[in-house]
Amino acid sequence: MRYVSTRGQAPVLNFSNTLLAGLAQDGGLYIPETWPQISADELRKMRGLSYPELAAKIVHLFTGNEIPEAVLLDLCHKSYAGFNHKAIVPLIQLDHNLFVQELFHGPTLAFKDMAMQLLGHLFDYVLSQRGEKITIVGATSGDTGSAAIEAFKGSTNLTVTILHPYGRTSEVQRRQMTTVLEPNINNIAVEGSFDDCQDLVKAMFADVPFREEMQLSAVNSINWGRIAAQVPYYVYAALLLGAPDREVSFTVPTGNFGNILAAWTARKIGVPINLLCVGSNHNDILTRFLLNNDMSIQGVRPSLSPSMDIQISSNFERLLFELLDRDADQCRQIMQDFRQNNKMDIPATIWNKATANFKGVALSDQETEKVIQQYYKESAYLADPHTAIGIATAQKYRNKDIPMVTVATAHPAKFPDAIKQATGITPALPLALADLYDRKENYQVLPADLKKIEDSVRATARKNNF
Ligand SMILES: Cc1ncc(COP(=O)(O)O)c(C=O)c1O
Ligand SMILES: N[C@@H](CCOP(=O)(O)O)C(=O)O
């Protein structure tokens with residue numbers, strides 16, 4: 001498998017180098033040079049596989065023989081062994097043709113564990129083979145950070161610095177990150193928004209001497225490895241609901257556009273997926289785009305669904321590249337203009353192609369609360385605020401002939417205040433996290449200043465003798 005950058009000016013890489021590179025040198029995102037395909041017959045043969053077995057087959061399509069399927073199978077078994085549901089990604093039926101696929105049964109209670117647990121093993125495998133050490137830098141609005149810290153804590157091959165927006169995650173999310181005290185983990189609360197954190201990560205990659213000195217790598221969904229490891233659960237749900245002989249639609253609560261891009265990738269490789277629906281909170285740049293071709297940055301406002309408090313959705317660039325028929329020069333120009341003008345100018349022909357594939361709905365906090373309340377009362381289903389946005393979006397776009405699956409991206413106990421406000425109950429944290437509020441925290445608060453952040457990343461690497 002070979003990977004190309006969406007901006008066309010970075011070297012073409014194999015899977016392992018794409019994984020370690022994270023972001024392309026030209027600021028673009030890596031994407032497969034050609035899409036692997038699964039035929040309907042091959043899909044039928046995958047029915048009945050367990051989740052780890054299916055995941056190994058799907059991820060192998062993106063690694064090629066660089067990582068043998070038998071090795072991937074072993075890594076997938078290890079990755080999902082600690083999940084606290086036997087099905088790993090159970091599909092719950094809410095209504096006649098409305099389903100929820102729960103992706104939050106991993107150690108940090110959000111869908112990020114699905115990819116991050118596997119990425120932890122993949123990085124270890126590749127780095128041990130090469131005898132290399134790297135520095136991971138990541139931005140989080142709450143969930144990627146804890147999943148990455150959990151997956152990589154204690155590793156002797158790498159250090160991890162995670163930037164989170166100061167005071168803008170839930171307390172549970174913050175504590176899940178800041179109470180991990182292993183020396184290879186560094187938590188920074190940045191005085192700014194998630195978008196500022198993500199910009200700082202990209203700026204570290206753009207600082208070539210720093211990038212080379214530290215051997216930087218990424219675990220946000222700018223890294224293709226993340227997307228590849230998020231495709232299998234879409235295939236799993238589709239197979240359970242009759243694929244390849246029946247279509248299925250998906251609704252995804254969306255922020256950085258990584259999770260829905262994985263669903264779109266499942267369609268690209270041959271899974272019959274009908275609609276892809278984006279659910280947003282009032283940080284609604286993606287839904288404004290889908291409804292009115294308005295992709296203008298309006299500043300991030302805190303919401304009840306903090307993990308989606310994002311305005312610059314990195315993975316949109318991968319979709320754009322594809323919709324532009326892989327014209328990397330045009331993609332690069334549009335992305336550069338976007339950051340200069342705070343507005344993306346998308347030609348009408350491209351917008352039409354996007355809206356033929358994707359639909360979108362934005363919910364206010366009040367509406368989100370009502371949906372949590374309604375499903376709790378009527379269906380005894382407790383949805384976290386992100387999932388509730390997904391369910392409301394699915395309600396709008398479901399149709400009677402095609403099953404609609406909303407991916408449930410977080411456990412309600414990660415957002416106890418919002419759940420209490422909506423239902424009056426406080427969801428309990430699972431046993432493994434029951435003492436979270438008693439654990440000691442360690443993090444520093446820094447301004448959104450590249451030099452200060454780089455100094456902190458370097459200090460962590462030095463402390464670990466890198
Ligand atoms: C709970 C939760 N839901 C939804 C999202 C949005 O997913 P994505 O950024 O892949 O669009 C996130 C963050 O990524 C999240 O943590
Ligand atoms: N919501 C995310 C934001 C980062 O998304 P990623 O998928 O690109 O890592 C978070 O919880 O951190």
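How do the residues of the lining of the largest cavity divide into nonpolar, polar and charged?

## The largest cavity

The lining of the largest cavity divides into eight nonpolar, 14 polar and three charged residues, where Ala, Val, Leu, Ile, Met, Phe, Trp, Tyr, Cys and Pro count as nonpolar, Asp, Glu, Lys and Arg as charged, and the others, Gly among them, as polar. The structure is a predicted model, in which local features need pLDDT of at least 70 and side-chain atom pairs count only at pLDDT 80 or more, while totals for chains, interfaces and linings use all residues. Residues are numbered from 1 along each chain as its sequence is written, chains are lettered from A and ligands numbered from 1 in the order in which they are written, and side-chain values use heavy atoms, with hydrogens and water left out.

A cavity is here a set of points, on a 1 Å grid over the protein atoms alone, where a 1.4 Å probe fits but cannot get out, and its lining residues have an atom within 4 Å of a point. Grid points are joined across faces, edges and corners, and a volume is the space filled by probe spheres set on the points. By this rule there are five cavities of 30 Å³ or more, and the largest cavity holds about 290 Å³ of space. It is lined by 25 residues, of which Phe111, Lys112, Gly255, Asn256 and Ser307 are the closest to its centre.

At least two lining residues come from each of helix H6 (143-152), helix H10 (224-230) and helix H12 (258-268), and H12 gives the most, with three residues.

## Ligand 1

Ligand 1 sits in the largest cavity, in the sense that more than half of its atoms lie within 2 Å of the grid points. It is surrounded by 15 residues, the closest being Lys112, Asp143, Gly255, Asn256 and Thr409, where a residue counts as near if one of its heavy atoms lies within 4 Å. This shell is made up of five nonpolar, eight polar and two charged residues.

Among the polar contacts (pairs of N or O atoms within 3.5 Å), a side-chain N or O atom of Lys112 lies 2.4 Å from an oxygen atom of ligand 1. Backbone N or O atoms also approach oxygen atoms of the ligand, at 2.7 Å for Asn256 and at 2.8 Å for Asn259. Taken alone, ligand 1 exposes 380 Å², of which the protein buries 98%, with accessible areas taken from the Shrake-Rupley method with a 1.4 Å probe.

## Ligand 2

Ligand 2 also sits in the largest cavity. Around it are 13 residues, with Thr140, Asp143, Thr144, Ser221 and Arg226 the closest, and this shell divides into two nonpolar, eight polar and three charged residues.

An N or O atom in the side chain of Arg226 is 2.7 Å from an oxygen atom of ligand 2, and a polar side-chain atom of Asn256 lies 2.7 Å from an oxygen atom of this ligand. A nitrogen atom of ligand 2 is 2.9 Å from a backbone N or O atom of Ser307. Of the 340 Å² of accessible area that ligand 2 has on its own, the protein covers 95%.

## Backbone features in loops

Most residues other than glycine have a negative phi, and most peptide bonds are trans. The peptide bond from Ala243 to Pro244 is cis, with omega near 5°, and Pro244 lies in the loop between helix H11 (232-240) and strand S10 (248-253).

Asn293, although not a glycine, has a positive phi of about 55°, and is found in the loop between helix H13 (285-292) and strand S12 (295-296). Ala380 likewise has a positive phi, near 55°, in the loop between helix H17 (365-379) and helix H18 (385-397).

Terms used
A polar contact is a pair of N or O atoms within 3.5 Å; within protein, one must be able to donate a hydrogen and the other to accept it, and residues adjacent in sequence count only if both atoms are side-chain atoms. On a 1 Å grid over the protein atoms alone, a cavity is a set of points where a 1.4 Å probe fits but cannot get out, and a pocket is an open set with protein on both sides within 12 Å along at least five of seven lines; lining residues have an atom within 4 Å of a point. Helices (H or I, at least four residues) and strands (E, at least two) are DSSP runs, numbered from the N terminus.
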